[in-house]
Amino acid sequence: MADNFQAISGDEIARIFHALDRLDDGIRDIDELCGDYNHGRYITDRQLGDILNVSRRTLANYRTKGEFGYYDLPGKILYDEKEIEQFLQRHYLPPFRTDD
C-alpha cells in the first residue's frame, strides 16, 4: 500500500486549487444564466405538510386560494422549495417590543 503513495508538490497543489476555483466560478456562471429555469428542489405534498405541520387538506386549501404554485402530476403534487420559502417570507411577522 505504501508503494502506491506519491507526493504532490506545492505547485501541483496550487494548480489543483486554482482549477477548483475556476470550476466553482463556472458553476456560479451557469447558475446565473439559468435564472428562472433552475428551480432547484421539489417537495411532495406529504413532505410540505410535515415541514409546516399542517394537514394535506390545509395544503389543498392553500392551492385553491392560489397561495403558491404547484405541479399536479398524475398521482402526485409537487412544490418548488423556493416558492414555499417566498410564501413563508410573505407571511412572516417580525417580533416587536414595547419599551416600558
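**Reading the labels on a predicted model**

Trainee: Why is Ile 13 called partly exposed?

Mentor: Ile 13 has a relative accessible area of 37%. Buried means under 20% and exposed means over 50%, with partly exposed in between, so Ile 13 at 37% is partly exposed. The model is a predicted one, and the value is computed from it. Ile 13 is placed in helix 1, which covers residues 10-34.

Trainee: What makes Ile 13 part of a nonpolar surface patch?

Mentor: A patch residue needs over 30% relative accessible area. Ile 13 has 37%, and therefore passes that cut-off. The patch is formed by Ile 8, Ile 13, Ile 16, Phe 17, Leu 20, Leu 23 and Ile 27, and comes to about 670 Å².

Trainee: Which residues form the negative surface patch?

Mentor: Asp 21, Asp 25, Asp 29 and Glu 32 make that patch. One of them, Asp 29, is placed in helix 1.

Trainee: How do you know that Asp 29 is partly exposed?

Mentor: The relative accessibility of Asp 29 is 43%. That value lies between the 20% and 50% limits, so the label is partly exposed.

Trainee: Why is Arg 63 called buried?

Mentor: Its relative accessible area is 17%. Buried means under 20%, so Arg 63 gets that label. Arg 63 lies in helix 3.

Trainee: How much of the protein chain is buried?

Mentor: Buried residues are 15% of its 100 residues. The accessible surface of the protein chain is about 8900 Å², and carbon and sulfur atoms hold 53% of that surface.

Trainee: What makes Asn 53 worth a look, in terms of phi?

Mentor: Its phi is near 60°, a positive value in a residue other than glycine. Most residues other than glycine have a negative phi. Asn 53 sits in the loop between helix 2 (45-52) and helix 3 (56-65).

Trainee: Why is Asn 53 called exposed?

Mentor: The relative accessible area of Asn 53 is 71%. Exposed means over 50%, so the label applies to Asn 53.

Trainee: What pattern does the protein chain follow along the sequence?

Mentor: The order is α-β-α-α-β-β-α, from 4 helices and 3 strands. Among contacts in the protein chain with a separation of 6 or more, 47% join residues 24 or more positions apart.

Note on methods. Residues are numbered from 1 along each chain as its sequence is written. This is a predicted model: local features need pLDDT of at least 70, side-chain atom pairs count only at pLDDT 80 or more; totals for chains, interfaces and linings use all residues. Side-chain values use heavy atoms; hydrogens and water are left out. Patches are made of residues with over 30% relative accessible area and no salt bridge: like charges are joined within 9 Å, nonpolar side chains (Val, Leu, Ile, Met, Phe, Trp, Tyr) within 5 Å. Accessible areas come from the Shrake-Rupley method with a 1.4 Å probe; for residues, only the protein chains shown count as cover. A salt bridge is a side-chain nitrogen of Lys or Arg within 4 Å of a carboxyl oxygen of Asp or Glu. Helices (H or I, at least four residues) and strands (E, at least two) are DSSP runs, numbered from the N terminus. Buried means under 20% relative accessible area, exposed over 50%, partly exposed in between (1.4 Å probe, protein chains only). Contact means heavy atoms within 4.5 Å. Lys and Arg count as positive and Asp and Glu as negative; His and the chain ends are not counted. The place of a charge is taken as NZ of Lys, CZ of Arg, CG of Asp or CD of Glu.
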